[in-house]
Amino acid sequence: MIRYVLRRIVLMFFVLFVILTICFVLVKLLPVVDAQQFGKDMNLILQRREALGYNKPILVQYGIFLKKSVFGGDWGISEALYRGQDVWTIFVSKIPATLLVNLYSMLFSVPLGLILGIYAALKKNKWQDYTISTVVMVFISVPSYVYALLVQYVLCFQLKLFPLQMKSGTDWFSWEMFLSVIPPCLSLGFSSVASLARYTRAELAEVLTSDFMLLAKAKGLTRTQATMRHALRNSMVPVFPIILGNFVGILSGSLIIEKIFGIPGVGQLYVNSITALDYNFFMLLSAFYTLVGLVSGIVVDISYGLIDPRIRMGER
């Protein structure tokens with residue numbers, strides 16, 4: 001297991017290096033915004049560009065980028081969105097809003113998805129199963145931004161239960177903040193509920209018809225006891241990694257949701273950095289989202305062995 005994890009970590013950094021290299025080259029192919037338009041901040045931005053070697057060959061610039069940003073932690077200053085301010089400082093200040101929305105979405109979607117999936121499996125081939133399966137397929141097929149518009153129109157505009165935009169400020173755990181994040185959490189969580197319910201239903205329905213379940217009932221266990229002690233544990237082996245994968249899916253899907261609901265998080269910052277040609281923000285956020293995806297892949301693979309000791313990673 002240790003050898004497997006170390007090999008995956010090495011491959012993870014290699015993939016991260018390749019993706020950052022591609023992003024860096026593509027950014028350098030784009031036009032550089034004229035520093036004259038920055039007014040009083042022009043001299044500061046020109047000094048930073050000089051330190052990053054903007055007037056040097058691209059290989060030299062890439063070496064400076066690796067030394068200063070990747071290994072040194074200096075990702076430069078913002079040239080458009082937060083002119084003259086440190087990119088890393090702004091990025092850190094945006095993380096709490098994104099994490100708050102994504103964690104609330106997981107707290108809403110995971111229990112509901114598991115409950116619906118378990119209930120549908122226990123009622124297999126009955127009207128409850130057909131109803132849940134139909135609703136699940138509809139919810140999976142619809143993108144999250146469609147839910148966002150519906151939630152805004154019905155719950156926020158018509159019924160006026162929640163505000164249209166997320167509350168500003170840093171009082172993350174106040175009641176007003178909680179109410180303001182419910183609409184984006186619902187928009188992000190619907191598709192996760194549907195996918196989790198579908199996988200749970202499929203795995204549990206298969207386990208319930210296994211031979212060891214018949215043996216458990218033959219030994220005197222009731223259907224509920226056999227389900228709780230044996231079926232759920234075995235069916236969760238492939239389902240739990242899906243929960244981790246859904247977290248990453250929600251994190252990447254929040255790019256558009258943050259824009260719609262005015263969430264001051266890294267998702268909206270990423271979108272704005274692309275439209276504003278703020279390349280320093282783009283490079284930092286590209287590294288962040290790439291690293292999140294790669295780390296989650298390793299965590300998902302390792303979780304199989306932790307959930308079920310019979311599984312050994314890296315075995316031939």
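**Cavity and pocket linings**

Modeller: This is a predicted model. The lining of the largest cavity divides into nine nonpolar, four polar and two charged residues.

Biologist: How many cavities of 30 Å³ or more does a search of the whole structure find?

Modeller: One.

Biologist: And how much space lies in the largest cavity?

Modeller: About 180 Å³. Its lining has 15 residues, and Phe24, Lys28, Leu52, Phe65 and Asn280 are the closest to the centre.

Biologist: Which elements each supply at least two residues of that cavity lining?

Modeller: Helices α1, α3 and α11 do.

Biologist: Which one gives the largest share?

Modeller: That is α3, with four residues.

Biologist: Which residues lie nearest the centre of the largest pocket?

Modeller: Leu16, Leu20, Val70, Trp75 and Ala287. They belong to a lining of 15 residues.

Biologist: Which elements give two or more residues to that pocket lining?

Modeller: There are four such helices: α1 (2–29), α3 (58–70), α4 (87–122) and α11 (279–307).

Biologist: What is the make-up of the pocket lining by class?

Modeller: 15 nonpolar residues, with no polar and no charged ones.

How values were computed: Residues are numbered from 1 along each chain as its sequence is written. This is a predicted model: local features need pLDDT of at least 70, side-chain atom pairs count only at pLDDT 80 or more; totals for chains, interfaces and linings use all residues. Side-chain values use heavy atoms; hydrogens and water are left out. On a 1 Å grid over the protein atoms alone, a cavity is a set of points where a 1.4 Å probe fits but cannot get out, and a pocket is an open set with protein on both sides within 12 Å along at least five of seven lines; lining residues have an atom within 4 Å of a point. Ala, Val, Leu, Ile, Met, Phe, Trp, Tyr, Cys and Pro count as nonpolar, Asp, Glu, Lys and Arg as charged, and the others, Gly among them, as polar. Grid points are joined across faces, edges and corners, and a volume is the space filled by probe spheres set on the points.
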